[in-house]
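Please look over the sequence and the model below before reading on.

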Amino acid sequence: MSASGDAKLTAHVALAVALAVAEQRASDASRPWDAQDRDYLAHLKSAVNYQPTDWELDRLGGK
């Protein structure tokens, strides 16, 4: 199904893709986290009351 012509669907697809990219970046343990990763986790915490895992807290610089 094409999203052309449906602005709301296009926005939802864009958000889903952006979240998937952010999740993929954050899960890559071979690279240190940067501001983009911290912002992504902050978004999850505020938008859906996400509770970071111990691994994520460690990546943030401590529990």
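At what angle do helix 1 and helix 2 pack, and how far apart are their axes?

## How the two helices pack

Helix 1 and helix 2 pack at an angle of about 120°, and their axes lie 10 Å apart. Here helices (H or I, at least four residues) are DSSP runs, numbered from the N terminus, while axes are lines fitted to C-alpha atoms, for helices over the stretch in contact, with angles that run from 0 to 180 degrees between N-to-C directions. The two helices are therefore oblique to each other, since angles under 35 degrees count as roughly parallel, over 145 as roughly antiparallel, 65 to 115 as roughly perpendicular and the rest as oblique.

Helix 1 passes helix 2 in a left-handed crossing, a term used if the near helix is turned anticlockwise from the far one by less than a right angle. On the side of helix 1 the contact (heavy atoms within 4.5 Å) is made by Leu-19, Ala-22, Glu-23, Arg-25 and Ala-26, and on the side of helix 2 by Gln-36, Asp-37, Tyr-40 and His-43. Sorted by class, this contact has four nonpolar, two polar and three charged residues; Ala, Val, Leu, Ile, Met, Phe, Trp, Tyr, Cys and Pro count as nonpolar, Asp, Glu, Lys and Arg as charged, and the others, Gly among them, as polar.

## Basis of the description

This is a predicted model, in which local features need pLDDT of at least 70 and side-chain atom pairs count only at pLDDT 80 or more, whereas totals for chains, interfaces and linings use all residues. Residues are numbered from 1 along each chain as its sequence is written, and side-chain values use heavy atoms, with hydrogens and water left out.

## The nonpolar core

Ala-22, Ala-26, Trp-33, Tyr-40, Leu-41 and Leu-44 are the six residues of the largest nonpolar core, that is, a set of buried Ala, Val, Leu, Ile, Met, Phe, Trp, Tyr and Cys residues joined through side-chain atoms within 4.5 Å. Helix 1 (7-26) and helix 2 (35-48) each supply at least two residues of this core, and the largest share, three residues, comes from helix 2.

Tyr-40 has its place in helix 2 and, at 12% relative accessibility, counts as buried, where buried means under 20% relative accessible area, exposed over 50% and partly exposed in between (1.4 Å probe, protein chains only). Leaving aside neighbours within four places in sequence, Tyr-40 is in contact with Leu-19, Ala-22, Glu-23 and Ala-26.

## Residues outside the helices

Arg-31 lies in the loop between helix 1 and helix 2 and counts as buried, at 17% relative accessibility. When residues up to four places away in sequence are not counted, Arg-31 touches Arg-25, Ala-26, Asp-37 and Arg-59.

Asn-49 lies in the loop between helix 2 and helix 3 (54-60), and Asn-49 is exposed, with a relative accessible area of 58%. Most residues other than glycine have a negative phi. Asn-49, although not a glycine, has a positive phi of about 55°. Gly-61, in the segment after helix 3, is exposed with a relative accessible area of 67%, and the C-alpha atoms of Gly-61 and Glu-23, 38 residues apart along the chain, are separated by 18 Å.
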